[in-house]
Each structure stands twice: as structure tokens, then as C-alpha cells.
Amino acid sequence: MRLSKMLFNTLRDDPAEAEIPSHKLLVRAGYIRRIGSGLYAYLPLMWRVLQKVSQIVREEMNATGAQECLLPQLQPSDLWKESGRWETYTKAEGIMFALEDRQNRELGLGPTHEEVITTIARETIRSYRQLPVHLYQIQTKFRDEIRPRFGLMRGREFIMKDGYSFHTDPASLQQTYADMDRAYRNMLRRAGLEFQAVQADSGAIGSGVSQEFMVLADAGEDEVLYTEDGQYAANVEKAVSLPAEVQPSPFTEYKKVETPNTATIATLCTALGCDPTNTVKNILYQAVYDTGITVLVLVSIRGDRDANEVKLSNELTALAGNYGAKAVLALTVPDAEAQSKWAAKPLPLGYIDPGLGDDYIAQQENIAPQFLRLVDRTAVELQNFATGANETGYHVVGANWGEQFPLPDRIIDVNTARAGDRAVRDPSQILQTARGIEVGHIFQLGTKYSQAMNATFTNEQGEEIPCYMGCYGVGVSRLAQAAVEQSYDRNGIIWPLAIAPYQVIICVPNITDSQQMEVAESLYEQLQAAGIEVLLDDRNERAGVKFKDADLIGIPYRLVTGRSIKSGNVELVERATLAAEEIAIDEVAATLGDRIAKALQS
């Protein structure tokens with residue numbers, strides 16, 4: 001491709017809306033153009049990158065026996081109501097674009113396709129002889145992000161590979177799940193990325209085991225916790241740990257003490273001369289279920305630990321049936337305005353004890369009359385601890401479960417693991433932290449959707465049973481930007497060779513010099529004939545502008561037909577290292593062909 005004929009426009013200054021390096025560089029280098037909030041056009045260079053990423057994904061999926069298809073982006077609401085996710089996606093998480101057609105039928109723009117694919121399975125799969133089957137697509141998805149940001153990282157429209165498998169039993173599902181684990185690792189290695197596979201929370205999609213694939217980068221929105229021995233890694237939303245050992249309690253008897261201005265654990269410990277591990281803090285949450293009922297949740301946890309709201313939301317979802325519900329629409333710490341709607345009397349915030357009386361809840365419709373009391377495992381074993389006294393300015397010390405306070409029936413893990421904690425698997429291993437960009441996620445769904453939507457098959461014994469399902473996603477456009485976030489320098493993008501839009505760029509310093517142009521044209525033809533993807537910068541621009549643009553757009557190799565052609569050479573510059581060397585003109589095609597082939601095979 002000749003650059004003079006390409007839609008190509010670079011910027012010298014960072015775009016105002018861009019916050020992270022990859023977003024700035026993709027806009028500056030002319031790869032993407034913002035059309036609206038969270039909406040980007042993929043310009044020619046970017047589209048070539050996305051096609052290469054898609055092809056790697058396609059090859060690895062096909063190698064496992066998966067079959068490519070294409071599913072509708074517009075999805076009837078009835079399917080989502082069958083699965084029980086319509087309210088979750090349009091109200092609770094609020095990420096689905098919902099609309100009505102001219103006949104007042106509700107539709108959603110697909111953020112994911114579990115309901116559609118399960119409908120297809122329900123209508124086409126009859127016998128165990130048809131299973132397992134694995135379908136995938138590469139398609140645009142839509143999600144109404146509250147705060148679109150970071151370019152293609154968190155947009156409202158993006159390209160994704162999503163796949164779905166159907167099985168006769170858990171063993172078959174686990175085999176495909178293992179195949180996907182290998183395929184995803186292959187995809188990321190072939191794309192030239194450093195990554196970490198981690199245990200993950202399944203969110204609104206899954207119902208059991210899931211694993212994320214994180215591209216490691218400082219700008220990653222996710223925190224990954226891992227052990228140096230490589231035996232454990234998890235998203236912080238899912239991670240478990242052993243916190244620091246509890247310090248000996250200084251309290252020897254139970255009593256109420258005045259503690260003015262100690263609404264935080266830090267101020268309390270200073271006033272009492274104790275360690276945070278000697279305290280229990282009680283956090284009040286307000287959960288709203290999809291039936292409209294509000295449940296007040298009191299979580300007791302060791303004072304030095306933080307509650308993980310993802311874990312808590314999962315626990316509350318598991319309890320939804322107790323309230324005639326299926327999903328949690330909202331989970332918040334109620335502010336003064338929220339409290340005024342249900343509190344029968346003012347709450348002693350900052351001084352609540354684990355036994356906060358149910359009489360604080362006003363009797364009214366759609367408000368559960370009792371607190372849902374949960375205790376984290378970190379607090380269960382504490383003895384002679386300090387906690388609130390249910391009176392502003394006072395705490396109790398020397399308290400014990402089963403004596404002053406009944407131990408809540410439901411003991412859960414709602415603790416937020418963090419760097420420095422000990423690993424559960426091996427306490428000698430200390431959790432380390434890194435930032436990651438989630439580019440892939442695989443799930444074992446079990447029968448969550450097949451049961452809800454009656455997607456069944458007849459087994460060998462003639463019994464009709466629900467299919468076991470798996471779900472496997474790769475963010476194609478996000479992966480492309482993640483590659484930039486992981487590999488750039490002050491001059492611009494450094495594309496991994498496998499997904500670079502072109503492998504070589506030929507820069508002609510002076511297009512009015514006939515010899516420079518003649519050599520450039522000859523090399524351009526030779527490289528194309530050798531199957532090398534080459535870009536010819538034949539623009540009427542200064543040499544410095546061309547070199548800056550070549551560095552900015554990140555093509556792996558640059559050939560310069562400058563002064564060295566008089567001695568039969570051209571300059572070859574490797575973008576990743578900026579190492580320059582002279583190479584004989586008649587050896588260029590063979591040399592680059594060999595280097596590119598070796599790089600793509602490694």
C-alpha cells in the first residue's frame with residue numbers, strides 16, 4: 001500500500017479525551033477516530049490489526065473443532081425474560097440498550113448471546129448423539145457503559161469473539177473448558193502479549209467456574225493477585241487469602257467505654273490502644289431485589305479488612321429465592337436520604353454493634369422487617385474484641401461471640417484479599433499484585449440457561465435432561481488496544497509483528513531523488529512478491545516527518561532509501577529496539593523474509 005493513497009492522518013498533540021497511553025497513541029497515529037461517547041471508527045490501519053487478531057482467534061478456535069456462525073444483534077426481550085436476566089441487564093447492571101420496534105415489541109442490542117444460542121440449541125438438539133457441539137462468532141457487541149473511557153478498552157460498541165458449547169455431562173464440559181484454556185493461551189502468545197490467566201468472578205453471565213485472561217499493563221482496570229511460585233492467580237474480585245495473624249487482645253473484661261470521635265477503625269484503635277485485628281466493624285448495606293423488596297444487610301468483618309462487594313453481591317444473589325426474587329438490582333451503603341425511607345429511628349453510624357436491633361427498621365411494604373446478618377470468616381474466631389455499642393461515642397470491649405453477641409447463622413467469605421496476605425494454598429507464599437486488562441473470559445455455565453430455557457436432550461437411557469453449557473469470550477478490539485498499552489515508547493506504538501498492520505514500511509527521504517524512488521519502488525515490488533506486507537511512504541513530506549510517523553504508527557521494520565544507496569545499501573531500523581543497520585539492497589527481501597518467518601514461529 002502506498003501511503004500517499006491511504007486515508008492517513010497523524011496528530012502531534014494528545015487528544016483531550018484520552019487518559020491512557022494506548023488511547024492517546026491510537027488516536028494520534030490515525031488508527032481510530034472518536035464518533036461519540038464510547039463510539040469509535042476503525043480506520044484502515046486499525047482494521048488491518050483487527051483482522052489479524054480475528055484471524056488468530058479464528059484459527060485457534062477452528063483447531064479445537066468449534067464451528068463459526070453469526071447470530072443476530074437484535075434480540076427479543078422474551079428470551080432474556082425466560083433466562084431471568086432482562087431486569088438484571090436493563091435495570092440492575094443497566095448495560096443493555098433496550099428499545100421497542102414499531103409494533104411495540106421489546107428488543108435488546110446484544111451485549112452477549114447466551115439466550116440466543118440456548119434458543120437455537122433448544123430447537124435443534126434432540127439427542128446425546130448430537131453432543132458435544134461448540135459454536136462461536138466474531139461480531140460487534142453493545143453495552144451501555146455508565147462511563148465509557150480509555151478508547152476501545154471500555155466502549156459502548158466493540159468487537160468480540162463469543163463461543164458457546166453444549167454437553168451431555170460435566171466431564172465433557174470440562175474437556176472443552178480445558179481446550180479453551182489452551183486455545184486462549186495460544187491466541188495471546190501468537191499475538192505477542194504477556195498475560196496471566198486468573199481465577200475470576202462469573203458476574204451476571206456465569207454460574208460457576210470461570211477464568212480470565214489478563215494482559216499485564218500498568219493502566220489495567222483490574223487488580224490481579226498472584227503468588228511468585230505461579231501456582232495461584234486471581235482477580236481481586238475473586239481472590240481468597242489468609243490475612244495477617246490476629247494480635248493478642250489487650251481487653252480482659254467486657255465493658256462499655258466512652259470513645260468520642262472514633263467512627264473509624266483507625267481512630268478507635270488509637271483511643272483504645274489496640275490493634276485493628278482486635279476489632280469487629282459492622283457495615284450496613286441496602287440491597288434492592290428485582291421484586292422491588294429492599295433488604296437491609298449487616299456485615300460483620302475484622303476491623304483491618306474491607307468487604308468485597310462483588311462477593312457480597314454474589315452471596316445476596318444466592319439468597320434471592322428467600323425473598324421471592326432472582327437478582328439483586330442494586331447494592332449500596334445507604335446514605336442519609338436512603339435511611340430516611342426505612343429507618344424507624346436514627347442509626348448510630350460508626351458505632352453499630354453486630355446485634356443492631358430489628359426495631360430500627362420501620363414496618364412498611366417492600367422492606368424486609370429483619371436485618372440479614374452475615375459474618376465474615378475473619379471475624380468468627382476473634383475473642384475479647386472491640387466493637388460498636390449502638391450508641392454514638394461509645395464502644396464495647398472484651399466482647400465475644402456466643403456471649404454478648406450471637407454469632408450470625410451465615411458465615412461467608414466477603415473479605416477483600418490484598419497484596420501482602422498469605423496464600424490459602426500455601427501460607428508461605430505471599431500474594432503479589434499487578435494490574436491487568438481483561439481480554440478473555442471462559443466460563444463453565446453448567447445448566448443455568450438450559451434449565452431456565454428448557455434446552456434439553458435425550459440421553460442413552462431415554463431420559464430428557466438439560467444440556468451442560470460453557471461460554472468463552474475474547475475482546476478482539478480490546479486485545480488490540482491492550483497490545484499497545486503493553487508495548488510503546490516515547491516515540492509511539494511498538495506493534496507485535498503478528499498483529500502489526502504492516503510488517504515493513506519503506507521511507508523515501510526525498511521523492512524527487514529518482515534513485516531513491518527507483519530503489520524504493522523495486523524493494524516495494526520485491527517484498528510484496530515475497531509475501532511481505534509492506535507500506536511505501538511516498539508522500540511529499542520531509543524525511544523527519546516520515547521517520548516520526550513511522551515510529552508513531554509502530555510498523556516493526558523500517559527501510560530507508562537514503563544516502564547509503566550510493567554504496568548499494570539501505571538502512572534497516574527495528575522499531576522495537578530502534579537498532580539500525582545497513583543491508584545490501586539485493587539481500588533485503590531474503591533477510592526480512594527470514595527474520596519475519598522466525599519471529600512469527602517463535
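The model is a predicted one, in which local features need pLDDT of at least 70 and side-chain atom pairs count only at pLDDT 80 or more, while totals for chains, interfaces and linings use all residues. Residues are numbered from 1 along each chain as its sequence is written, and side-chain values use heavy atoms, with hydrogens and water left out. Helices (H or I, at least four residues) and strands (E, at least two) are DSSP runs, numbered from the N terminus.

Turning to another sheet, five strands form an open arrangement in the order β16-β14-β15-β17-β20, with mixed pairing. Its edges are β16 (328–332) and β20 (410–412), each of which pairs on one side only. Neighbouring strands of this sheet are turned by 30° against each other on average, direction ignored. Strand β14 (residues 280–289) runs antiparallel to β16 and is joined to it by 4 bridges; Tyr 289 has Val 328 of β16 as its bridge partner. Helix α8 (residues 309–318) lies across β14, β15 (294–302), β16, β17 (372–376) and β20, at about 140° to β16. Axes here are lines fitted to C-alpha atoms, for helices over the stretch in contact, and angles run from 0 to 180 degrees between N-to-C directions.

What does helix α7 pack against through its buried residues? The partners are β14 and β19 (394–399), with contact meaning heavy atoms within 4.5 Å. The buried residues of α7 (residues 265–272) are Ile 265, Leu 268 and Cys 269. They lie on the same side of α7 because they cover an arc of only 95° around the axis, the arc being that of the directions from the helix axis to the C-beta atoms. On the other side of α7, Ala 266, Thr 270 and Ala 271 are exposed. Just after the helix, Gly 273 takes a positive phi of about 70°.

Finally, a search of the whole structure finds 4 cavities of 30 Å³ or more. On a 1 Å grid over the protein atoms alone, a cavity is a set of points where a 1.4 Å probe fits but cannot get out, a pocket is an open set with protein on both sides within 12 Å along at least five of seven lines, and lining residues have an atom within 4 Å of a point. The largest cavity has a volume of about 80 Å³, and β21 (residues 432–446) gives the most to its lining, with 3 residues. The second largest pocket has a volume of about 530 Å³. Of its 23 lining residues, Pro 496, Leu 497, Ala 498, Ala 599 and Leu 600 are the closest to its centre. Helix α2 (44–63) supplies the largest share of this lining, 4 residues.

Key
Pairing = 2+ DSSP bridges. Buried < 20%, exposed > 50% of the residue type's maximum accessible area, 1.4 Å probe, protein only. Points joined across faces, edges and corners; volume = space filled by probe spheres on them.
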